[in-house]
Amino acid sequence: MSIFHLAYHVDDLDQARGFYGGLLGCQEGRSTETWVDFNFFGHQISLHLGPVFATANTGKVGDHIVPMPHLGVILPQDAWRLLADRLEQAGLEFTIAPTTRFAGEPGEQSTMFFHDPAGNPIEIKGFSDMAGVFAR
């Protein structure tokens, strides 16, 4: 089994802890005064203090224009729905509200986009059949 690792900048570690740990429910790992690790749905992200990378809404996916670059994870549909419900109840502002795209086609998926407090874009996808992730 492989675990993906991604390190990127945030501008406030306390806000990052509240967002990733509190709102998203990611378990915090190691940290120092300049960075913190989280278990991001089974993968490791390392959030370091520094200038946040530039993003732009330039990615065309189906009928949506999405922020690029972005971090994301794919969850089983039931877990995606539970997270979407929790984020909606918390009043999170979505870039793309929870929706389904490619309905009835290979790769049918649920998706939602939002930004962390530092402005980093995040996409969470949900698949009813994980074998469909790479369907053509």
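Which residues are buried in α2? In α2, the buried residues are Gln77, Trp80, Leu83, Ala84 and Leu87, where buried means under 20% relative accessible area, exposed over 50% and partly exposed in between (1.4 Å probe, protein chains only).

## Basis

This is a predicted model, in which local features need pLDDT of at least 70 and side-chain atom pairs count only at pLDDT 80 or more, while totals for chains, interfaces and linings use all residues. Residues are numbered from 1 along each chain as its sequence is written, and side-chain values use heavy atoms, with hydrogens and water left out.

## Helix α2

Helices (H or I, at least four residues) and strands (E, at least two) are DSSP runs, numbered from the N terminus. Helix α2 covers residues 77-89, and its 13 residues should span 18 Å at 1.5 Å a residue; the end C-alpha atoms are 18 Å apart, which agrees. The expected span is 1.5 Å times one less than the number of residues.

The buried residues of α2 are Gln77, Trp80, Leu83, Ala84 and Leu87. They cover an arc of only 125° around the axis, so they sit on the same side of α2; the arc is that of the directions from the helix axis to the C-beta atoms. An α-helix has 3.6 residues a turn, so residues three or four places apart point the same way. The face turned away from the buried side of α2 carries the exposed residues Asp78, Leu82 and Gln89.

The cover over the buried residues of α2 includes α1 (13-23), β7 (71-76), β8 (94-101), β9 (109-115) and β10 (121-127).

Ser46 lies in strand β4 (residues 43-49) and counts as buried at 6% relative accessibility. Apart from neighbours within four places in sequence, Ser46 is in contact (heavy atoms within 4.5 Å) with His5, Leu6, Ala7, Tyr8, Val36 and Asp37.

Met130 is in the segment after β10 and is partly exposed, with a relative accessible area of 38%. With neighbours within four places in sequence left aside, Met130 is in contact with Ile74, Leu75 and Pro76. Gly119 is eleven residues from Met130 along the chain, and their C-alpha atoms are separated by 29 Å.

## Lining residues

The largest cavity is lined by Val10, Asp11, Asp12, Gln15, Ala16, Asp116, Pro117 and Ala118. A cavity is a set of points, on a 1 Å grid over the protein atoms alone, where a 1.4 Å probe fits but cannot get out; lining residues have an atom within 4 Å of a point.

Note on methods:
1 Å grid on protein atoms, 1.4 Å probe; cavity = no way out; pocket = protein on both sides within 12 Å on 5 of 7 lines; lining within 4 Å.
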